[in-house]
Each structure stands twice: as structure tokens, then as C-alpha cells.
Amino acid sequence: MSGSDGVSPAPLTFDDWPAVREIYQDGIDTGDATFETAAPDWEAWDAKHLASCRLVVREGSQVLGWAALSPVSARPVYRGVAEVSVYVSGRARGRGIGSMLLNQLVAASEEHGIWTLQASIFPENRASIALHQRAGFRIVGTRERIACREGRWRDTVLMERRSARL
């Protein structure tokens, strides 16, 4: 599926990693995207994410954003439950890139037998909460003071989306 302005989703590959890492670090630096404080190297990132559901959106050769799924547990009963990550370059926000990525990720998850997608989002990140709601996620609840980043305890809004195939 390609956008009308030359923007298109594609599988995320090792060659995309420098741009993906930069976009990830920019998100980390906002303080409202993740508890992480530094983007990992490729090997660590690759080991943490499902191989089947990794996407980028490109405009020409430029990566504008990425999305991927991480398993929530190694236990076999949770094999169809994954956590969503979606990051968009600051210069590409407001162009529908996040929606394109998340919608494609949902479709990929359906193709690969994922029955529940979850996202843990800081309450201050209203744009991400709204993005997930538009993609069919619902708010399950707020996890209060779930973790501490740089001396500050943070809440997260837990969201989930169930497969239409259930």
C-alpha cells in the first residue's frame, strides 16, 4: 500500500537500522515515549523484536518512521500477544505516517496469528493514545507509578486491541 505522495510502507531491514535508531533515539529524548534512555545496538534490538512484524515508512530512500512488535512473554500460552512500538521522525509528524505504520502493523499481526496487541503509553503522550484508539485499541486502565525513569515515577496507560479473528 503506497501513499499518494510517494510515501510507502516496507519491511524493516538491517540496512534501515541507522535511520530507525536515530528516530528511536529522538523519541527517547522527548522523555514521553519510553522508559528507555538510550537506543540499543542492532543485535539487542533485533533479539527483542518479532522478525515477522517490522515496518518502516519511506519517502524515496528516507525513513520517516518505524513500527515493530515485541513478544510480551516467552511462555507458549502468550505466543499471540505482542507489544507495539511506533516511532515517527519529528520532521514527518502530522502527515499520517503513524497511522499508516500502525494500520500496516495491525494487518501484519493478523497475518502472523497475533491475537492481542498491547501498548503502554505515557498519559502525557495524547497523540499516541489517540493514534492507537483510531486503530481500534481500547484503554484497559492506568498503571500508576509503574516504573521510574531518571528519578521520576511514571504512570502508563495500558491499551489493547484484540484480533477480529477471535
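## Exercises on a predicted model

Arg138 and Glu160 form a salt bridge in which the closest N and O atoms are 2.8 Å apart. The structure is a predicted model, and the exercises below walk through it piece by piece.

### Exercise 1: A bridge between two strands

Find out which parts of the chain the Arg138–Glu160 pair links, and decide whether each partner is buried or exposed, or in between.

**Solution.** 

Step 1. Arg138 sits in strand β6 and Glu160 in strand β7, so the pair, 22 residues apart, links distant parts of the chain.

Step 2. Recall the cut-offs: under 20% relative accessible area is buried, over 50% is exposed, and partly exposed lies in between.

Step 3. Apply them. Arg138 has 47% relative accessibility, so it counts as partly exposed. Glu160 has 13%, and therefore counts as buried.

Step 4. Look for a further partner of Glu160. Its side chain also meets that of Arg162 in a salt bridge, 3.2 Å from N to O. Arg162 is partly exposed because its relative accessible area is 48%.

Step 5. Look for linked bridges elsewhere.

### Exercise 2: Another charged pair

Which residue does Arg54 meet in a salt bridge, and how many salt bridges are counted?

**Solution.** 

Step 1. Start with the general idea. Side chains of opposite charge can pair when their charged atoms come close.

Step 2. Name the partner. The side chain of Arg54 meets that of Asp46, at 2.6 Å from N to O.

Step 3. Sort the two by accessibility. Arg54 is buried because its relative accessibility is 9%, whereas Asp46, at 30%, is partly exposed.

Step 4. Give the count. With a side-chain nitrogen of Lys or Arg required within 4 Å of a carboxyl oxygen of Asp or Glu, the count comes to ten salt bridges.

### Exercise 3: Inside the nonpolar core

Describe the largest nonpolar core: how many residues does it have, and which element gives the largest share?

**Solution.** 

Step 1. Count the members. The largest nonpolar core has 28 residues, and Leu69, Val84, Ile97, Leu101, Leu105, Leu117 and Phe137 are those with the most contacts inside it.

Step 2. List the contributors. Two or more residues each come from β2 (54–59), β3 (62–71), β4 (81–88), α3 (97–111), β5 (116–121), α4 (126–134) and β7 (152–162).

Step 3. Helix α3 supplies the largest share, seven residues.

Step 4. Zoom in on one member.

Step 5. Check for a separate core. Another core, of 15 residues, lies apart from it, with Trp17, Tyr24, Ile28 and Val56 among its members.

### Exercise 4: A buried aspartate

Where is Asp16, is it buried or exposed, and what does its side chain join?

**Solution.** 

Step 1. Locate Asp16: the loop between β1 (7–11) and α1 (17–30).

Step 2. Judge its accessibility. Asp16 is buried because its relative accessible area is 6%.

Step 3. Find the polar partner. The side chains of Asp16 and Arg58 are joined by a polar contact of 2.6 Å.

Step 4. Complete the surroundings. Not counting residues up to four places away in sequence, Asp16 touches Pro11, Val56 and Val63 as well as Arg58.

### Exercise 5: Positive phi and a surface patch

Where do Arg145 and Glu150 lie, and which residues form a nonpolar patch on the surface?

**Solution.** 

Step 1. Take Arg145. Its phi is near 45°, a positive value in a residue other than glycine. Arg145 belongs to strand β6 (residues 138–149), and at 54% relative accessibility it counts as exposed.

Step 2. Take Glu150. This residue is not a glycine either, yet its phi is positive, about 50°. Glu150 lies in the loop between β6 and β7, and its 68% relative accessibility makes it exposed.

Step 3. Turn to the patch. Val72, Val77 and Tyr78 form it, with about 240 Å² of accessible area together.

Step 4. Look at one patch member. Tyr78 is found in the loop between β3 and β4, and counts as partly exposed because its relative accessibility is 36%.

Terms used. Residues are numbered from 1 along each chain as its sequence is written. This is a predicted model: local features need pLDDT of at least 70, side-chain atom pairs count only at pLDDT 80 or more; totals for chains, interfaces and linings use all residues. Side-chain values use heavy atoms; hydrogens and water are left out. A nonpolar core is a set of buried Ala, Val, Leu, Ile, Met, Phe, Trp, Tyr and Cys residues joined through side-chain atoms within 4.5 Å. Buried means under 20% relative accessible area, exposed over 50%, partly exposed in between (1.4 Å probe, protein chains only). Helices (H or I, at least four residues) and strands (E, at least two) are DSSP runs, numbered from the N terminus. Patches are made of residues with over 30% relative accessible area and no salt bridge: like charges are joined within 9 Å, nonpolar side chains (Val, Leu, Ile, Met, Phe, Trp, Tyr) within 5 Å. Accessible areas come from the Shrake-Rupley method with a 1.4 Å probe; for residues, only the protein chains shown count as cover. A polar contact is a pair of N or O atoms within 3.5 Å; within protein, one must be able to donate a hydrogen and the other to accept it, and residues adjacent in sequence count only if both atoms are side-chain atoms. Contact means heavy atoms within 4.5 Å.
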